[in-house]
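Dear colleague,

I am passing on a structure that I would like you to look through before we discuss it. My notes follow below it.

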Amino acid sequence: MTESTTPDHGRAARARIRDAFAEAGVTGWLHARDIDAGAQVDAGADHPVVTASVHKLCLLVALHREAAAGRLDLTEQTVVPPWDRTPGPTGLAAMLDEVRLSLRDAAYLMMTVSDNTSADLLLTRVGLDAVNDATRRLGLTRTRAVQTFRDFLTTIREDVGPSGPQALADPQVIARLRAVDPARTSHSTPRDMTRLLAAIWRDEAGTPEHCAAMRRVLGLQVWPHRLASGFPFDDVHVAGKTGSAPTVRNEVGVVEYPDGGRYAVAVFTRAASPAATLPAADAVIGTAARMAVDALRSPGAGTGTGAP
């Protein structure tokens, strides 16, 4: 049975998920899969989406594949001067002094606090072609990195124009941003992202050692307000990567239950409001993910089989 014919065990959940998106004031697209049984929930799984910082997951995979091939050493040290850093509120981007760190520690900052400077440091070392080769080889046919994170931010600044960041309160300004158009920035689909996560958790995205390292750093992400908010349990582990842009709020990740259940979930949203702070839009990512995972864990859901 191919992936396209894998039984969809979320027909009832799909309506609830769409209602939750609407109530939160967002348009959303979701795909969830049982990593081991093959069951899935599809709520717009093949819709093209802006990845934003979610694409740092693809860069992480490419980094480890380059290391496994012997083309770089993850302990390789690099010095990051205080000038000319990719803007951002976290990690090296927010630091004031010269920093020396390894490539793997830069990957830690890129994934756990979504540090843009660390991401571009690694992208310079690995290259866009290697990122796209990694996703292509894993069968992610609708996923492509087209720019650095600095360039992504530069397009926003250019498209906003002389009015500056305050212009982002205008929906007409946001509508013309290249950064929110999947055709003009790095992009993917929810289904491609759960396929990538499943490959990492099944040791198919690299060697078992490298996949374990990727799972570890994904599990250290600090943001609890999106995907993890739907699973407030001490014995349920959530590992993921967020992504954000004006009106865009995303997260992809894996939810692991104490009974061994492992579920890859990808949620991408666009908010109707241009407000930078929208708690309901963040929280619905966790709500929708929980609905999807509950559907996958319902009786009979685990009987589906299919390609990962």
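Why is helix α4 (residues 116-126) largely enclosed by the rest of the structure? Nine of its 11 residues are buried, so the rest of the structure largely encloses α4, where buried means under 20% relative accessible area, exposed over 50% and partly exposed in between, with a 1.4 Å probe and protein chains only. Helices (H or I, at least four residues) and strands (E, at least two) are DSSP runs, numbered from the N terminus.

Before the details, two remarks on the source. This is a predicted model, in which local features need pLDDT of at least 70 and side-chain atom pairs count only at pLDDT 80 or more, whereas totals for chains, interfaces and linings use all residues. Residues are numbered from 1 along each chain as its sequence is written, and side-chain values use heavy atoms, with hydrogens and water left out.

As to the overall form, the protein has 10 helices and nine strands, and its C-alpha atoms fill a box of roughly 55 × 50 × 35 Å along the principal axes. For 308 residues a compact globule would have a radius of gyration near 19 Å, and the 19 Å of the protein agrees with this; the radius is taken over C-alpha atoms, and the globule rule is 2.2 Å times the number of residues to the power 0.38. Of the 308 residues, 56% count as buried. Among contacts (heavy atoms within 4.5 Å) with a separation of 6 or more, 69% join residues 24 or more positions apart.

To return to α4, its buried residues are N116, T117, S118, A119, D120, L121, L122, L123 and V126, and they pack against α2 (56-68), β4 (77-80), α3 (103-112), α5 (128-137) and α6 (149-160). At the start of the helix, a side-chain oxygen of D115 comes within 3.2 Å of the backbone nitrogen of T117. The side chain of D115 also makes a polar contact with that of S118, at 2.5 Å; a polar contact is a pair of N or O atoms within 3.5 Å, of which, within protein, one must be able to donate a hydrogen and the other to accept it, and residues adjacent in sequence count only if both atoms are side-chain atoms. S118 itself is buried at 0% relative accessibility, and, leaving aside neighbours within four places in sequence, S118 is in contact with L92, A106, L109 and M110. After α4 comes G127, with a positive phi near 95°.

Of the 10 residues of α3, seven are buried, so this helix too is largely enclosed by the rest of the structure. Its buried residues include A106, L109 and M110, and their cover includes α2, β5 (99-102), α4, α9 (208-218) and β7 (237-245).

The largest nonpolar core has 55 residues, with L57, L59, L122, M193, L196 and I200 making the most contacts inside it; such a core is a set of buried Ala, Val, Leu, Ile, Met, Phe, Trp, Tyr and Cys residues joined through side-chain atoms within 4.5 Å. Its largest share, eight residues, comes from α2. Apart from this core lies another of 30 residues, among them I17, Y257, I285 and V293.

Finally, Q40 in strand β2 (residues 40-43) counts as buried at 6% relative accessibility. The side chain of Q40 makes polar contacts with the side chains of H31 (2.8 Å) and R191 (2.9 Å).

With best regards
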